[in-house]
Amino acid sequence: MSELDKQTTNGGDLNGDRFFYPEGEALRLQIDRRRRRGLIWRLVFMGALIVAMLSLTALLYNIMNDVFGLTIVINKNDPQRLVLDLWGERMLTAVNTVGSEDDNELVAGIANDMDGLGFFGHAYYAANRDGLRLVTINGRSADVESAEDYPLARPLFLYTSDSALAANQAANIFLNHLLTNVNDEIRAVGYLPAPETAQARARRNWITANPNLGLAAGQWAIINPDGLDGRIALVGSSTVHPLTERMLAVFVADGYAGTFENASVGSSAGIAAFCAGRADFAAASRPIKSGEIEACRRNNRFPVEFQIGVDTLAIVVNGNNDFVGDVDEAQLQALFTAVSWSEVNPAWPNRPIKRFVPGAASGTLDFFAEAIFETRLDQLPKDDLVRLLRENISLGRGRTLERDQRFYETSLVFESPELWNEVCAQPAGERPSGCTGRVRDQDNVYDLLIREVIEPDVVKVYKLVESIFKRREIADEAALLYPNGVLEFRSWLTADFIRDPQSSTPEYAGVRTAILGSLWVILVTILFSFPVGVSAAIYLEEYASDNWLNRVLQTNINNLAGVPSIIYGMLGLAVFVRALEMITSGAIFGLVEADTTANGRTILSAGLTLGLLILPLIIINSQEAIRAVPGSMRQASLALGATRWQTVWYHVLPSALPGILTGTILAVSRAIGETAPLVVVGASTFITFDPSGPFSKFTTLPIQIYQWTSRPQAEFRNIAAAAIVVLLTMLLTLNATAIILRNKYTMKM
Amino acid sequence: MAKPNEIESAAALTKKRRLGESFIQSFLFVCGLLSIFTTIGIVFILFNESFAFFSRTQWETTNKPITADIDAAATVIPVGTRGATLSPGQVIRLRQEAMLIEAVDNDALTLTVVRGYRDTEPMAHAANIVFERANDIDVIDTIRSTKWIPQLGEFGIWPLLLATLMTAVIAMIVAIPLGLAAAIYLSEYASERVRSILKPILEVLAGIPTVVFGYFALTFVTPILRSIFGMDTVEIFNTASAGIVVGILIIPLVSSMSEDALHAVPNSLREAAYAMGATKLETSLKVVVPAALSGIAAAFVIAMSRAIGETMVVAIAAGAGPKNFDLATDSLFGYVLNPFVAAETMTGHIVRISGGDLSYDSIDYNSLFAIGLALFLMTLALNMIARYFVTRYREVYE
């Protein structure tokens, strides 16, 4: 019983012959109820649309979430290391250069040579000022109060943990004593005080570790170590060592009665010893790395950082050198690579520079190179990149690369000239592509270096939203799971992704082959289905009389539009791929490519299959467009004596064209997105060469997306998402074209 | 330019045959005919290859050897005791020669056979060759069996069909209420301005390639389902996720077809309802929707057909292997009809098998066409039903 019926019967007198409707309050309530119900349902109906909209949003969101995001990359070779080694080697192998691990040797060398130049820790300069003169950089000296702007400054750290301090009261009080007094003593060992903020942070960290003292941030307690007994173990950087040694001496002088051990083993070894629980403090001349933090955590030690000073590298010349005063960074670079002084600055004498630099084993050389030279791999000049490549890959691999594409126009890097000339003497087509063609540029060599030497491996990927909102957690997890991994933000959709062919490694895979394949297939599809479809539509609308044959035609076309696309794939497989193999493989035209095994599984087969698939759509859309042309137009044309075809060609078609084009473009965009029929027809799953014509093997964008989505590794999902963005962009462009075309033609008419 | 005396003659005008015109007309007609050829091609190929499938013989080894050398004429063959049991009426094969078993003597360990059966040449065989037994595929077996294992010669359509129907039904559960509600809103409630904003969104949804929806199902919907119902309950590949996404995929289809049907309802009906004091909701649900019911039904049926034929979403998200089951041992709702278990649909199976290295004239190749035929007939039937509904509402209101 419907609501309306109920109202009348309930309100009416069932036995009598009188009907009455609700009145007054009852009527108002009823109307209210019905209105409320209407409102609720209206919201429900609207909700359905909102759900549809939300799914579209979720779909796009999901794609974007996978296209960008943080990745953990493990490099087989550290790019920074490569560059630093390059500079280190270059500095040490420059003429007139002495490398020594012994700082005294450096000091003596510079002091005894009129043209001496070198660098070492400021402490050594402070201890050996005689016969040496400090060079300032951009007006900043390694000596001045605050070395913050001095380019060759590095922080000095002590690392410990709250638990280590709580466990060893001697260590705790030593740290308090050190933080209190370090600024008074630090100059004596040739270092500079830490910046104010770092000092404040160090004190705050100590207060946090001693909550029982009840100190607020900004306050400080000075604890007298007089009579304190215990044992303090300190291990780490040789740079920090003189400072800690002095601070321990002061500690003892102030009354510490216990023992201590202070070992100079290097920053890394010091941190490792601390994390393993063998020391109370680790001394380091560099910040602790995330991997080291994690190693510590696993031992239940949570390292806390205390910056206790700043070390500067002193650039030093002989005391009698009166021309080098202040240099800029470019000059500094030149000083350690040029032959003579005048090369660096024409005003300086034309005498050779005698250099004394720390050896490759010490961190000082790396520190200098890192601060002064360009250390980003992608910024290095091509020559340097080629050199790195030559040093790090095998000769055989290098030859292969050189044969693909030369490194230099006139010289060879890997090949011997005899062999090269012999190989390149072969006729065109047989000789390698490197003999002619473009020379590799800096970008190209950089890419090679990344692929062949650095070999980054994406070991874990995160979604975009996670990457933005959970950055900290991800950083922690990365440090935990992959201590030597690099966490970096990555866009999977890059210019290279569009330019590069397919690859089995997701990091290097691209969609060029697939895009070209899609374009070829669509070209064939359009060439076939557009003329045929429009012709059929013209026949049905303009010529066909209403007889059974034409009715069957029309019904048949409508039915075909409802056949699942995969069935068309099977039709294509049986007809184009198998039955017409001679034609679709190109054999009949003698066009079979020697190196393909495409048989009938070619672009031509795929294009024709999709052509059949969208034919009904094109016919139906074109029919509608033709039907929309007013009959008066035809009658006018016929009345003027035009034949039927003339009427169609000169009047009906031009008027219907915008509609036909729009319909065709919509049908074509459906074909571009089709996947299933092409899988059945036999799209190749993995080809790396560009399709060269209608008889090539093929892959298309949707096929590629399907392939990549089906892979279990997460990175393939990312490139699938990137490929989806490319595909959707293509479709969007196409649809926008359809709209523009339609508007343009509509205005003309 | 025609000469004046020709124009004067009316007979010359009417009789003039224009070769070009008739040639063009013939060409246009042939283009129209091409669609007929497409249909004929589809039907012929599906039936032809399916026939090849059903008339195909699978040879499976019996492990039963002959125990003595025989010549080309012998009809009584000594056999060993091991291996499968043979019975009269079966067709067996020794190397290339097929034989029909007429009688089995279990005491004497001999078979009486007709030599050179099925157009093969009788030949001499050496001792210890093992028999192969013919396993003919017939339609009845295909319908009766609940396992699709081509390697074992089991070709039961049920696992694939059931998965197809399950995804389609889930899709309809999603698409019908949402699509219909959206259609009612667009047709009866939305102002012209709102329509112009909302309709394109549905069109965009309809224009997205299905492979993208497959990606969506696998990487978005499945993880959500798994987090709601638990990792143990929901498998990575499952029909629920595929079905839901197929449902989303066909919402635009349902809503646009239903909206057309609602739109075709004459305004006089609405006005009459309003005049009787009905609210907008009452008008929509009790007058307009019933009036457009046949068109809406057509939309549902077309949507069902589309859901059954949908390929990429199920190929990616539903599963990569037929869910073979045994009604005697497998729980009906825990496994057979459980939407959270991986199951391969008919379309998914076709795509997976043909995506691999498929050799022609193999049983796999033929079986795909048999599945294709079933698929084609199902969708065709649904399309016919839809057409019937559409003609009905057209007759009423146009």
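Is B:Leu109 buried, exposed or partly exposed, and how many other C-beta atoms lie within 10 Å? B:Leu109 is partly exposed, with 13 other C-beta atoms within 10 Å. On this scale a residue is buried at 20 or more other C-beta atoms within 10 Å of its own, exposed at 12 or fewer, and partly exposed in between, with C-beta atoms placed from the backbone.

The model is predicted, and local features need pLDDT of at least 70, side-chain atom pairs count only at pLDDT 80 or more, and totals for chains, interfaces and linings use all residues. Residues are numbered from 1 along each chain as its sequence is written, while chains are lettered from A and ligands numbered from 1 in the order in which they are written.

The confidence of the predictor in each residue is given as pLDDT, from 0 to 100. Chain A has a mean pLDDT of 85, with 94% of its residues at 70 or more. Over residues 1-14 of chain A, pLDDT stays under 50, and the model has 14 contacts beyond four places in sequence for this stretch. A contact requires that the C-beta atoms of two residues, placed from the backbone, lie within 7 Å. Where pLDDT is low, predicted coordinates should not be read in detail.

Chain A contains 31 helices and 13 strands; these are DSSP runs (helices H or I, at least four residues; strands E, at least two), numbered from the N terminus. The radius of gyration of chain A is 40 Å, well over the 27 Å that the globule rule gives for 749 residues, so chain A is more spread out than a compact globule. That radius is taken over C-alpha atoms, and the rule is 2.2 Å times the number of residues to the power 0.38. Along the principal axes, the C-alpha atoms of chain A fill a box of roughly 115 × 100 × 45 Å. Of the 749 residues, 42% count as buried. Among contacts in chain A between residues at least 6 apart in sequence, 76% join residues at least 24 apart.

| Residue | Phi | Loop |
|---|---|---|
| A:Glu455 | about 45° | between helix H18 (442-454) and strand S12 (456-461) of chain A |
| B:Leu109 | about 55° | between strand S4 (97-105) and strand S5 (110-117) of chain B |

Most residues other than glycine have a negative phi. A:Glu455 is partly exposed, with 14 other C-beta atoms within 10 Å.

The contact between the chains takes 68 residues from chain B and 70 residues from chain A. On the chain B side, helix H3 (residues 19-54) provides the largest share, 17 residues. That side divides into 42 nonpolar, 20 polar and six charged residues. Here Ala, Val, Leu, Ile, Met, Phe, Trp, Tyr, Cys and Pro count as nonpolar, Asp, Glu, Lys and Arg as charged, and the others, Gly among them, as polar. Helix H3 of chain B also holds B:Val43, which is partly exposed, with 15 other C-beta atoms within 10 Å. B:Val43 and B:Leu377 are 334 residues apart in sequence but 9.6 Å apart in space, C-alpha to C-alpha.

The largest nonpolar core has 193 residues, of which A:Ala723, B:Val245, B:Val254, B:Ala303 and B:Val313 touch the most other members. Such a core is a set of buried Ala, Val, Leu, Ile, Met, Phe, Trp, Tyr and Cys residues joined through C-beta atoms within 7 Å. Helix H5 (residues 158-189) of chain B gives the most to this core, with 19 residues.
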